[in-house]
Amino acid sequence: MKRILTGLVLTPLIVWIVLWGPHLAFLAVLTAVAVLCFYEYSGIVAAYGVRKPGPAGYAAGLILLFAQGDAALYVVLATLLLLAAAVFEDDLKQALPRAALTLAGVLYIFGVWRYAAILRLENQHWLMFALALSWAGDVAALYIGKTFGRHRLAPVVSPKKSWEGALASVAASMLFGVLYATNLIPGTTAVQAALFAAAGNMAGQLGDLAESAMKRGAGVKDSGTMLPGHGGWLDRVDSSLFAVPVVYFLVLYFG
């Protein structure tokens, strides 16, 4: 019940912010979600025995999220900033692992949301498309997987997920994608929408498994407790963190 109630509150808010919210309101929500995700990611890092990313990690992330121009330049600068922060480590054995894991988190979270903001500027419906692929797929995977799931998808990482559920997720996302994009995004063909949806959904499923692998390696069940029934923010958006850049890439080069 908690999961359903949380979804009923969050989903309309996200849809409004993405499709109709003022740009500054959208950026404020995007920034808050990014910071909360990075905070939860920091907890996972600590569970591996590496010191949590400090202020330099948040600074690098916000620079990458908002700086205009060449994103690759800011990735290089963020890397240098995090390596320079190693100078202030008390235990130098922590320096490189901490810098590496902090950089991974900055790219994984702030880097993805940077392209979410760019995708919304291209067309807010493309961002909604990318986010909703996982929502549509999750519903199909839950019911088909429970009823027909026999073959485990990734038993070590997520024992409950099945190939049957994964295929149902892709099919549901393709159906949603065709209906959504052909009606709301001018010039998009049904074949194009179906292929974009399939690629985005499969990326999202990998994102879900990747976050599960991180948590299992750290020995934690959820990334946080902020969202009743869902765990943390990172648990809620793990699929989107993989789906959004894939959809952005496809729109950029094939849209």
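Trainee: To begin, is Leu10 buried or exposed?
Mentor: Leu10 counts as buried, because its relative accessibility is 12%; buried means under 20% relative accessible area, exposed over 50% and partly exposed in between, with a 1.4 Å probe and protein chains only. Please note that this is a predicted model, in which local features need pLDDT of at least 70, side-chain atom pairs count only at pLDDT 80 or more, and totals for chains, interfaces and linings use all residues. Residues are numbered from 1 along each chain as its sequence is written, and side-chain values use heavy atoms, with hydrogens and water left out.

Trainee: Where is Leu10 placed, and which residues is Leu10 in contact with?
Mentor: Leu10 belongs to helix H1. Helices (H or I, at least four residues) and strands (E, at least two) are DSSP runs, numbered from the N terminus. Setting aside neighbours within four places in sequence, Leu10 is in contact with Leu227 and Trp233, where contact means heavy atoms within 4.5 Å.

Trainee: Which element has the lowest mean pLDDT?
Mentor: That is helix H1 (residues 2–19), with a mean of 81, whereas helix H2 (residues 23–47) has the highest, 96. The pLDDT is the predictor's confidence in each residue, from 0 to 100. Over the chain the average is 91, and 96% of the residues score at least 70.

Trainee: How many aromatic pairs does a search of the whole structure find?
Mentor: The search finds 11 aromatic pairs. Rings of Phe, Tyr and Trp (its six-membered ring) pair if their centres lie within 6.5 Å; planes under 30 degrees apart count as stacked, over 60 as edge-to-face and the rest as tilted.

Trainee: Which residues form the aromatic cluster?
Mentor: Phe38, Tyr41, Tyr58, Tyr108, Phe110 and Phe242 form one aromatic cluster.

Trainee: What sits over the ring of Phe26?
Mentor: The charged end of Arg120 does, 4.4 Å from the ring centre. A charge sits over a ring if NZ of Lys or CZ of Arg is within 6 Å of the ring centre and within 35 degrees of the ring normal.

Trainee: Turning to salt bridges, how many does a search of the whole structure find?
Mentor: Five are found; a salt bridge is a side-chain nitrogen of Lys or Arg within 4 Å of a carboxyl oxygen of Asp or Glu. One of them joins the side chains of Asp138 and Arg236 at 3.7 Å, N to O. Asp138 lies in helix H6 (residues 124–148) and Arg236 in helix H9, so parts that are 98 residues apart in sequence are tied together.

Trainee: What does Asp208 form with Lys161?
Mentor: Asp208 forms a salt bridge with Lys161, and their closest N and O atoms are 2.7 Å apart. Because Asp208 lies in helix H8 (residues 190–218) and Lys161 in strand S2 (residues 158–162), the pair ties together parts that are 47 residues apart in sequence. Asp208 is buried, with a relative accessible area of 15%, whereas Lys161 counts as partly exposed at 30%.

Trainee: What about Lys221 and Asp222: how far apart are the closest N and O atoms?
Mentor: They are 3.8 Å apart, and the two residues form a salt bridge. Lys221 is exposed, with a relative accessible area of 69%.
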